[in-house]
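Visitor: I would like to learn how to read a model of this kind, one feature at a time. Could you take me through it, giving the general idea and then the case at hand?

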Amino acid sequence: MKHLFFLLLSLSLFSCTKHREIKIIGRNAVTGQGYEGLQYEVVSSRTGNDGEVYRSEALGNLNANGEAFVSIKQKNSRTYSIRLFGPSNSCYSNNVIQYFDSPYDVNGTFTFEFAECAYLKRNITNVNCQGSSDYMILKTSNQVNSIGATGWEFFGCNGYVGDHFSEVPFGKYYFEWEVTRNNITNTYYDTIYLSPGEYKTYDINY
């Protein structure tokens with residue numbers, strides 16, 4: 001009976017633990033290139049008598065391709081998360097903490113994306129104002145979809161003069177604006193590119 005007890009105990013403990021092979025990817029959201037050397041950590045947690053208890057399961061750095069392959073002993077009683085520490089000058093991340101068995105878990109592959117900062121200032125001027133019935137709407141989006149498609153509206157002769165540079169993810173920015181004068185509407189499009197660390201003033205004269 002004693003041997004049977006230990007056998008059942010061993011089988012029970014074994015059934016609660018499994019080896020999990022995971023892949024961690026860190027890449028540039030704009031260029032698609034991997035980030036060499038970024039630090040990752042796999043952390044497990046469980047709820048104890050004193051609240052949530054955390055434990056580091058793996059710690060390391062991404063290889064030259066911006067990847068890491070990690071083997072984890074996963075226990076059913078614990079929740080597992082992956083953290084990737086991005087570049088210090090990052091202005092965008094798709095998610096800095098991802099969990100096992102979440103939508104970010106794609107067959108054991110976890111992909112983190114970052115984009116460094118650029119700096120943008122916008123000036124918008126009605127240079128051909130016909131009066132209070134003038135109307136302009138500006139829609140802006142960017143390459144990493146961090147701002148959606150935001151809309152600014154201007155009525156009459158009003159405009160906007162930027163008083164500072166805003167930190168934004170580098171990459172392409174798409175502009176679309178509609179101008180209505182004398183009940184006639186015209187639509188305009190433009191695209192600009194901001195390099196990492198670049199300062200740019202963008203003027204729209206309509």
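Visitor: How many salt bridges does a search of the whole structure find?

Guide: Let me say at the outset that this is a predicted model. As a general idea, side chains of opposite charge can pair when their charged atoms come close. Searching the whole structure in this way gives six salt bridges. One of the pairs is Glu67 with Lys23, whose side chains meet at 3.6 Å, N to O. This pair links distant parts of the chain, since Glu67 belongs to strand β4 (residues 67–75) and Lys23 to strand β1 (residues 17–28), 44 residues apart. Lys23 counts as partly exposed because its relative accessibility is 23%.

Visitor: Which residue does Arg55 meet in a salt bridge, and how exposed is Arg55?

Guide: The side chain of Arg55 meets that of Glu57, with an N to O distance of 2.9 Å. Arg55 has a relative accessible area of 36% and is therefore partly exposed, while Glu57, at 27% relative accessibility, also counts as partly exposed.

Visitor: And what of Arg181 and Asp134: are they buried or exposed?

Guide: Arg181 is buried, and Asp134 is buried too. Their side chains form a salt bridge at 3.3 Å, N to O.

Visitor: Turning to sheets, in what order do the four strands of the open sheet come?

Guide: Strands of a sheet pair through backbone hydrogen bonds, either parallel or antiparallel. In this open sheet the order is β3-β2-β5-β7, and the pairing is antiparallel. The edges are formed by β3 (51–61) and β7 (97–99), each of which pairs on one side only. On average, and with direction ignored, neighbouring strands of the sheet are turned by 25° against each other.

Visitor: How many bridges join β2 to β3, and how many pair β2 with β5?

Guide: Ten bridges join β2 to β3, and these strands run antiparallel. The two form a hairpin with two residues between them, and within this pairing Val53 in β3 is the bridge partner of Arg46. Between β2 (residues 39–48) and β5 (residues 79–85) there are seven bridges, again in the antiparallel sense, and Gln39 has Phe85 in β5 as its bridge partner.

Visitor: Which residues touch the most other members of the largest nonpolar core?

Guide: They are Met136 and Trp177, in a core of 21 residues. The elements giving two or more residues to this core are β8, β9, β13, β14 (184–194) and β15 (199–205). Apart from it lies another core, of 18 residues, which includes Ala68, Tyr80, Phe112 and Phe114. Beyond its neighbours within four places in sequence, Trp177 is in contact with residues including Met136, Leu138, Tyr188 and Ile204.

Visitor: How many bridges join β13 to β14, and which residue of their hairpin takes a positive phi near 55°?

Guide: Eleven bridges join these antiparallel strands, and Asn186 in β14 is the bridge partner of Val179. As for phi, most residues other than glycine have a negative value. In this hairpin, which has two residues between the strands, Asn182 takes a positive phi near 55°. Asn183, found in the loop between β13 and β14, has a positive phi of about 65° although it is not a glycine. Asn183 counts as exposed because its relative accessibility is 79%.

Visitor: Where is Asn145 found, and is it buried or exposed?

Guide: Asn145 is found in the loop between β9 and β10 (150–155), and at 60% relative accessibility it counts as exposed. Asn145 is not a glycine, yet its phi is positive, at about 55°.

Note on methods. Residues are numbered from 1 along each chain as its sequence is written. This is a predicted model: local features need pLDDT of at least 70, side-chain atom pairs count only at pLDDT 80 or more; totals for chains, interfaces and linings use all residues. Side-chain values use heavy atoms; hydrogens and water are left out. Two strands pair if DSSP finds at least two bridges between them. Axes are lines fitted to C-alpha atoms, for helices over the stretch in contact, and angles run from 0 to 180 degrees between N-to-C directions. A salt bridge is a side-chain nitrogen of Lys or Arg within 4 Å of a carboxyl oxygen of Asp or Glu. Buried means under 20% relative accessible area, exposed over 50%, partly exposed in between (1.4 Å probe, protein chains only). A nonpolar core is a set of buried Ala, Val, Leu, Ile, Met, Phe, Trp, Tyr and Cys residues joined through side-chain atoms within 4.5 Å. Contact means heavy atoms within 4.5 Å.
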